[in-house]
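Please keep the sequence and the structure in view while reading.

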Amino acid sequence: MNDSIKKGLLGLTLIAMGIAAGWGLAQWRAGTAHSTDATAAHVGAGATAGRKVLYWYDPMSPTQKFDKPGKSPFMDMDLVPKYADEDAQDGSGLSVSPQTVQSLGLRTAEIVQGSVSADVDVVGTVLLNDREVSIVQARSAGFVERVYARAPGDVIAAGAPLADLLLPEWVAAQREFLAVRALKDESLTEAARQRLLLLGMPSSLVAQVERSGEPRGLYTVTVPQGGLVAELMVRQGMTVAAGASLARVNGLSTVWVEVAVPEAQSGPLQVGQAAQVRLAAFPGESLRARIVAILPEANRDTRTVRVRLELPNPGQRLKAGMSGQVTLKGNEQSALLVPSEAVVRTGRRALAYVVDSPGKFHPVEVQLGAEIGDQLVVKSGLAAGQQVVASAQFLIDSEASLRGLLPAQAGASTPAQEHGAHGAAGPSAAAANAFTVRGVIEEVSPTELTLAHDPVPALKWPAMTMGFKLADPKLAAGLAPRLAVRFTFAKQGEDYVITAIERVKP
């Protein structure tokens, strides 16, 4: 091999060695950079307490998942991480860490066995007792000779004179009676006496005619009972016919108190039930009354039932038109009681979260009775002595719903029924994802409400003002701005829709 060939081979060898060295150096630098980035990423993961993040999501749209943190594309808020250890729950309930319990301010309450009575507090008005009404009439045609000093609104005693009537028909009958009596025929005399009584003469007047032997044509009309002269239809100089009404007198020994009871509270009421009346005219004094009538027709506009009470009126102190507070006393009975705030009501059913052990809970469906103050009567589902979650339960309820831990609802549809032909969630699925919260109405329209609502922990929403669609335009009836309400909503498509709403005390 000559020198030129050797030099060429040596050059090629050196070039190949240089290429190999350059490639190795590049690979080493790339490996170093990758190692540095991995170390930095590991350090960043350590900064999040070493918890593995499965994905990030927007609390307003929890079904949308993102593979990295950042701003939500739906609203101006940060995405929230979903950690792997949040799924490490047992199949029968939920576990909440002590740190989460403390940060949420989670409180519990005990189910107690107590004595309750369904008292109803309403406003009542005093009325005259229409069962104590007397109508004074003329028993025969005649003329009004005199009217005593009476006027509508006067209170008179029983037997008080009302008017003097001259009755010609009575005078003629009395003269016939005296003529027959002079014949000394006892049977004819008795028949004539009975004729006088049938003409309407009082037996006292007939006896007086017999004693005096003279007819008495002037008759003084008196009132049969004491009370208020409600109407006076007789005046001096009038001619009256037989049966003409002269006055109407309303008794005052007892009075009525009429109240309008909400339809929802009228069911347990019974005739004879006791009540207490506190009138503004007699502060600090409580009067006993009883129900004498529950009228058979409810008011369609106010959805109330009229109830009448009767109470004695000694000394005629109670005046028609007075008003006051009325408490309709219910029968005391034993019942399980739970705080109202401990129950999550979705519109179709009510749930409570029972404490199994510190930080562990499971949902129970409960049947509720009447609401008494800030407590609810529990008919079934819970037992005395159990502890239930009394605050922050909406977050627990949302988590239980996502994990499918809610108890099956009686009569619930099958999965095939809950989904349409295109896989759309049916009504039962919407009810499972419903949320109840308090708020104040800002604006009202036939199809939408704008509310400033409280936080919704289940969706990780802060307190804010936003618009909600109405499932039914009738839900807006009677609503106005600045009204405090409790409402239930669910997500339907891209909208949040109100399915139920009720007024509450602010």
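A residue counts as buried under 20% relative accessible area, as exposed over 50%, and as partly exposed in between. At 34% relative accessibility, Lys 469 is therefore partly exposed. The model is predicted.

**Whole chain**
- The protein chain has eight helices and 31 strands.
- Of its 506 residues, 37% are buried.
- Counting contacts between residues at least 6 apart in sequence, 67% join residues at least 24 apart.

**Helix 5**
- Helix 5 spans residues 203–212, and its buried residues are Leu 205, Val 206 and Val 209.
- Viewed down the helix axis, these buried residues fall within an arc of 100 degrees, so they line one face of helix 5.
- Their cover includes helix 3 (168–182), helix 4 (186–198) and strand 12 (218–222).
- Ser 203, Ser 204 and Arg 211 are exposed on the other side of helix 5.
- Gly 213 follows helix 5 and has a positive phi, near 75 degrees.

**Salt bridges**
- The whole structure holds 13 salt bridges.
- Glu 210 and Arg 193 form one through their side chains, at 2.8 Å from N to O.
- Since Glu 210 lies in helix 5 and Arg 193 in helix 4, this pair ties together parts that are 17 residues apart in sequence.
- Arg 193 is buried, at 17% relative accessible area, whereas Glu 210 is partly exposed at 21%.
- A network of salt bridges links Arg 181, Glu 190, Arg 193 and Glu 210.
- Glu 231 pairs with Arg 248 in a salt bridge, with the closest N and O atoms 3.1 Å apart.
- That pair links strand 13 (residues 227–232), which holds Glu 231, to strand 15 (residues 245–250), which holds Arg 248.
- Lys 469 and Glu 448 form a salt bridge whose closest N and O atoms are 3.7 Å apart.
- Here the link runs between Lys 469 in strand 29 (residues 464–470) and Glu 448 in strand 28 (residues 448–453), 21 residues apart.
- Glu 448 is partly exposed, with 28% relative accessibility.

**Asn 129**
- Asn 129 sits in the loop between strand 7 (120–128) and strand 8 (133–137).
- Its relative accessible area is 2%, so Asn 129 is buried.
- The side chain of Asn 129 makes a polar contact with the side chain of Glu 310 at 3.4 Å.
- Beyond neighbours within four places in sequence, Asn 129 is in contact with residues including Asn 250, Thr 254, Val 255 and Trp 256.

Key
Residues numbered from 1 in each chain as written. Predicted model: local features only at pLDDT ≥ 70, side-chain atom pairs only at ≥ 80, totals over all residues. Heavy atoms only, no water. Buried < 20%, exposed > 50% of the residue type's maximum accessible area, 1.4 Å probe, protein only. Helix = DSSP H or I, 4+ residues; strand = E, 2+ residues; numbered from the N terminus. Arc of directions from axis to C-beta. Contact = heavy atoms within 4.5 Å. Polar contact = N/O pair within 3.5 Å; in protein donor to acceptor, adjacent residues only side chain to side chain. Salt bridge = Lys/Arg side-chain N within 4 Å of Asp/Glu carboxyl O.
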